[in-house]
Amino acid sequence: MTQLDVRPQAGGTVGGTAGGGDRSTEAPGGGVRGNGPGDVRGKGLGKGSVGLVGSAVIGISTVAPVYCLTSTLGSTAGEVGVQMPAVFLAGFLPMLLVAFAYRELNKAMPDCGTSFTWTVKAFGPRVGWMCGWGLVIATIIVLSNLAGVATSYFWLLAGEITSNPQIAALDGNKAVHIATCLTLIAAATAVSYRGMTATKGVQYTLVGLQLVVLAVFVALAVQKARSGAVADLFDTGADFSWQWLNPFAVKSFAAFTAGLSLSIFMYWGWDACLATNEETTGSARTPGRAALIAMLVLVGSYLATGIAAQMAVGSGTTGLGLANPETSSNVFAALAGPVMGPVLGIALFVAVLASATASLQTTFIPVARTVLAMSTYEALPTSYAEVHPRFKTPGRATVTAGVATGGFYTVMSLVSENVLVDTIYALGLMICFYYSLTAFACAWYFRKELTRSGRDLLFKAVFPVLGGLLLATVFVKTLVDMWNPAYGSGSSVLGVGSVFVIGVGLLAVGAVLMVLFARRSPAFFRGEVLTKSTPSLVVED
């Protein structure tokens with residue numbers, strides 16, 4: 001059955017005039033606007049085009065598990081040693097708690113604007129606008145990074161397949177690298193532009209490939225660790241110990257927080273499940289369930305891979321040890337041959353490329369739909385609320401995100417590699433910023449319902465607030481660490497770390513843009529367009 005969650009209108013009717021008529025009009029971009037100011041019931045997206053499995057796959061894909069593992073296993077082992085699996089679990093905890101907040105908010109307000117819409121309804125237009133900005137700018141940074149990684153692995157894989165080092169070396173040619181990167185961004189934008197059906201078809205294949213290759217890697221790593229095969233190549237393989245899962249065994253709090261920051265990054269992106277809520281069957285419940293499924297798959301994959309790799313090669317700083325500084329930034333490139341052999345080893349390269357490419361494509365989903373929602377509610381120019389009549393996607397917002405990603409990566413690459421690296425390091429700040437705001441918004445929005453039952457108290461307040469506090473703590477700790485020029489690439493601006501300048505600077509840019517848009521669209525910022533009583537879109541039971 002289908003219902004509309006609408007507020008009472010003058011005269012005591014619901015969703016209509018006093019005489020029973022419906023004064024709905026067309027909203028920006030082709031959605032349906034209801035009777036009151038900002039009363040938007042739908043935005044024109046392709047309803048019912050994603051199911052539970054498809055939504056979970058999108059969440060997994062956006063996180064890019066194989067890419068996260070190859071780029072973070074070594075760094076995390078370098079910080080916390082054999083307690084790497086414990087830190088993976090510790091990073092999962094705040095994300096799980098925040099996921100409960102997303103689930104509860106989505107049940108009450110299934111809206112593709114997710115964090116933006118929910119924080120506006122809880123805290124008002126300015127806090128909500130900044131939360132939306134944090135999501136958008138974090139996504140642009142991730143998209144540019146994913147495009148760069150996919151480009152590097154494309155040429156690395158080409159070199160492996162052809163056994164020609166000169167082909168692999170093309171990635172070092174800046175012009176070739178940027179041209180390839182822009183081509184991949186354009187292709188990912190095109191797939192996202194064509195709608196969720198095209199997206200799902202691509203993602204089932206790419207995500208399935210990643211999980212299968214990871215399973216093979218784990219099995220072979222455990223087998224070789226137990227048999228002692230090619231032990232002369234391995235650093236200090238070790239028998240599994242439950243102590244590896246003890247976070248209190250980490251040598252120092254500083255090391256733990258550094259590892260935790262890396263671990264949190266590894267889970268970012270699961271909320272893409274919620275950004276497709278207006279296109280999902282059972283929009284009030286399915287996205288929340290899909291997010292939890294995605295997170296369970298991710299934590300299982302991370303623990304299995306981390307434990308297996310540690311059993312095979314250990315966490316040492318020499319040879320194939322995970323913490324070897326010469327290989328820690330890309331451990332699968334070093335382990336592919338020794339663990340999986342020359343033939344299957346190529347499959348691991350393919351999996352990393354597939355991971356980055358798949359995430360590049362699905363990461364357009366949350367940013368385009370957040371911009372769509374912000375435009376629909378007049379927080380951004382309404383032209384970005386246009387939905388393609390055939391593909392039912394936010395076409396202009398998707399293309400704009402693609403252009404912004406390509407331009408951002410090109411400029412950063414040409415200006416300085418250090419600036420590009422430091423921008424990526426600043427990403428954690430944005431993630432903690434908008435996730436924690438959303439968690440706190442959940443508790444505040446439902447504050448009058450918390451005494452109804454123990455379940456409401458736990459899932460609408462205790463768990464979200466705890467998750468928000470954990471992420472806020474990481475946010476503050478990261479801010480303090482970023483001040484030091486040694487954080488990131490080691491560069492500085494007037495003695496202040498470049499990562500701090502970039503991270504805080506990007507948030508400041510958002511604040512400036514908010515002031516400018518407040519002059520252009522004062523109704524939204526006066527709280528006249530999107531309020532707590534503004535109806536959600538159609539909700540399916």
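Met-412 is placed in helix 14, in a predicted model where local features need pLDDT of at least 70, side-chain atom pairs count only at pLDDT 80 or more, and totals for chains, interfaces and linings use all residues. Residues are numbered from 1 along each chain as its sequence is written, and side-chain values use heavy atoms, with hydrogens and water left out. Helices (H or I, at least four residues) and strands (E, at least two) are DSSP runs numbered from the N terminus.

**Met-412**
- Is Met-412 buried or exposed? Met-412 counts as buried because its relative accessibility is 15% (buried means under 20% relative accessible area, exposed over 50%, partly exposed in between, with a 1.4 Å probe and protein chains only).
- Along the chain, Met-412 and Ser-144 are 268 residues apart, yet 9.5 Å separates their C-alpha atoms.

**The protein as a whole**
- The protein holds 19 helices and 7 strands.
- It has 541 residues, and 58% of them count as buried.
- Of the contacts between residues at least 6 apart in sequence, 77% join residues at least 24 apart (contact means heavy atoms within 4.5 Å).

**Helix 5**
- With 38 residues, helix 5 reaches 55 Å from its first C-alpha to its last, close to the 56 Å expected at 1.5 Å a residue (the expected span is 1.5 Å times one less than the number of residues).
- Helix 5 is largely enclosed by the rest of the structure, because 30 of its 38 residues are buried.
- Just after helix 5 comes Ser-163, which takes a positive phi of about 55°.

**The second largest pocket**
- This pocket contains about 380 Å³ of space. On a 1 Å grid over the protein atoms alone, a pocket is an open set of points with protein on both sides within 12 Å along at least five of seven lines, whereas a cavity is a set where a 1.4 Å probe fits but cannot get out; lining residues have an atom within 4 Å of a point. Grid points are joined across faces, edges and corners, and a volume is the space filled by probe spheres set on the points.
- Its lining has 17 residues, of which Trp-133, Val-136, Val-371, Leu-380 and Thr-400 lie nearest the centre. Two or more lining residues come from each of helix 5 (125-162), helix 13 (364-376), helix 14 (395-415) and helix 18 (498-520).
- Which helix gives the largest share of this lining? Helix 5 does, with 5 residues.
- By class, the lining has 16 nonpolar residues, 1 polar and no charged (Ala, Val, Leu, Ile, Met, Phe, Trp, Tyr, Cys and Pro count as nonpolar, Asp, Glu, Lys and Arg as charged, and the others, Gly among them, as polar).

**Phe-517**
- Phe-517 is found in helix 18 and counts as buried at 17% relative accessibility.
- Leaving out residues up to four places away in sequence, Phe-517 touches Trp-129, Ala-379, Leu-380, Pro-381 and Phe-525.
- Phe-517 and Pro-381 are 136 residues apart in sequence, and 8.4 Å apart in space from C-alpha to C-alpha.

**The largest cavity**
- A search of the whole structure finds 1 cavity of 30 Å³ or more, and the largest cavity has a volume of about 70 Å³.
- Its lining includes Thr-62, Tyr-67, Asn-145 and Trp-268. Helix 1 (52-63), helix 2 (65-80) and helix 5 each give two or more residues to this lining.
- Helix 5 supplies the largest share, 3 residues.
- The lining has 8 nonpolar, 3 polar and no charged residues.
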